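Me: Please take me through this model, and set each label against the rule behind it.

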Amino acid sequence: MSIFSDVEEAQPIEVFHLVKVFNEDKDPSKVNLTIGAYRTDEGKPYYIPVVKEAESVVLDGTLNHEYLPILGLESFTKAASQLLLGDITQRQEEGTIFGVQSISGSGALRVGAEFLVKHLKCTTFYYSIPTWENHHLIFMTSGFQDAKTYRYWNEETRSLDFDGFCEDLSNAPENAVIILHGCAHNPTGLDPTEDQWKKIAEIIKEHKLIPFFDNAYQGFASGDLEKDAWSVRYFLSQGFEFLCSQSFAKNYGLYNERAGNLTFVLNSVEDVKAVKSQVTMIVRGMYSNPPNHGARTVSTILNNNLFKNEWINTLKLMTDRIKVMRKSLRENLENLGTTGTWNHITDQTGMFSYTGLSASHVEYLRNKYHIYMLRSGRINICGLNTNNIKYVAEAIADTLL
Ligand code: PMP
């Protein structure tokens with residue numbers, strides 16, 4: 001007899017479960033295309049050189065382990081919000097744009113969602129079908145009552161279902177929160193065009209919806225930080241009030257340091273004090289105080305032009321490698337005469353590709369070839385390299401015979 005006897009076991013988190021199974025797999029040809037982490041062409045995690053350099057600055061003699069302010073390290077949140085929104089110093093000075101340091105992107109979404117429930121009385125949120133699987137859990141845990149979806153991926157054409165997307169947004173009730181991927185949509189790798197973003201903004205404005213951008217991959221879509229921020233900056237230019245989460249897990253390779261930022265964009269100076277005080281209460285009641293290391297490392301880079309330029313060049317190298325792998329996978333599949341069309345592999349952007357492989361294909365690939373990917377057919381392109389790409393393409397070709 002135990003007080004815990006009635007606890008029901010939850011489903012394992014697919015992506016972490018697969019990583020565990022992959023690590024236990026003894027087959028020498030195994031390939032991990034699951035978790036969203038960058039890998040070098042040698043298949044190794046990448047400790048970005050400028051991050052290492054910045055860390056040695058962070059770890060100089062002045063470091064201590066005092067608490068940071070509840071809303072985080074200001075040199076970090078300011079620079080992070082600027083990275084996202086461009087020249088906003090005036091808005092930052094008046095306070096209508098401010099950042100809250102968060103436990104990476106997930107934590108930013110969590111704090112933002114709880115704020116929307118508690119203080120804007122939001123009950124309904126919308127997410128794309130498909131989306132990153134954690135959106136649903138984070139928003140429901142934050143107190144949202146109604147999880148709704150908007151169409152995004154057209155299975156048949158393997159492209160964006162823009163009409164469906166617009167129709168679903170147009171039917172959303174006032175004050176519904178719309179989760180939008182700022183760039184490099186996870187898992188489909190499909191982003192709206194600039195004209196499509198304009199239309200989305202129009203519908204959101206007309207129906208009085210609340211945009212919540214999720215920006216986990218700035219720099220990882222095009223390799224250009226400015227270009228990848230276009231959608232969010234467009235909403236800013238149109239006078240929207242919105243929230244935006246940022247993760248520095250991928251673009252700095254700081255996955256486990258949990259460096260993130262939640263930007264608030266408000267229209268009225270009068271609201272700033274109250275909003276900040278209530279976010280402070282949410283953080284205080286959730287984890288009290290943010291961690292130092294990742295935020296200080298990112299801040300050191302963003303506030304030093306030499307470091308920043310080095311980081312930008314590295315981002316470009318990483319995204320170039322992803323693009324080469326996309327091209328090569330497509331070429332290999334086409335040269336093998338693999339059933340189906342493969343242009344979507346190079347049409348998509350960012351770290352992921354939504355291959356169109358079914359759950360049974362995925363299972364076959366794992367059992368026969370020890371190639372691991374998500375049940376949805378999503379692959380992390382970074383898991384591909386010059387040594388395994390032919391093997392993966394041949395395995396897919398065989399699976400689709
Ligand atoms: N949003 C999306 C769409 C993501 O893919 C991720 C990472 N997988 C995140 C947010 C947040 O990740 P993290 O908490 O590691 O920053």
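Predicted model: local features only at pLDDT ≥ 70, side-chain atom pairs only at ≥ 80, totals over all residues.

Me: How many helices and strands does the protein chain have?
Reply: The protein chain has 16 helices and 13 strands. Helices (H or I, at least four residues) and strands (E, at least two) are DSSP runs, numbered from the N terminus.

Me: Why is the protein chain called as compact as a globular protein of its length?
Reply: The globule rule is 2.2 Å times the number of residues to the power 0.38, and the radius of gyration is taken over C-alpha atoms. For 401 residues the rule gives 21 Å and the chain's radius of gyration is 21 Å, close to that figure, so the label applies.

Me: What makes S2 and S4 the edge strands?
Reply: Two strands pair if DSSP finds at least two bridges between them. The open sheet runs in the order S2-S10-S9-S8-S7-S3-S4, with mixed pairing. Strand S2 (97-103) and strand S4 (146-151) each pair on one side only, and are therefore its edges.

Me: How do you know that S2 and S10 pair?
Reply: Seven bridges join S2 to strand S10 (residues 259-265), and the two run antiparallel. Val100 has Leu262 as its bridge partner in S10.

Me: What are the pairings of S7 with S3 and S8?
Reply: Strand S3 (residues 124-129) pairs with S7 over two bridges in the parallel sense, with Tyr126 opposite Ile178. Five bridges join S7 to strand S8 (residues 210-215), also parallel, and Ile179 stands opposite Phe212.

Me: Why is strand S7 called mostly covered?
Reply: A residue is buried if 20 or more other C-beta atoms lie within 10 Å of its own, exposed if 12 or fewer, and partly exposed in between; C-beta atoms are placed from the backbone. Five of the five residues in S7 (residues 177-181) are buried. Val177, Ile179 and His181 cover one side, Ile178 and Leu180 the other.

Me: Which residues count as near the ligand?
Reply: A residue is near if its C-beta atom, placed from the backbone, lies within 6 Å of the molecule. Among those around the ligand are Ser104, Trp132, His181 and Asp214. Helix H5 (residues 104-119) gives the largest share of the shell, three residues.

Terms used
Residues numbered from 1 in each chain as written.
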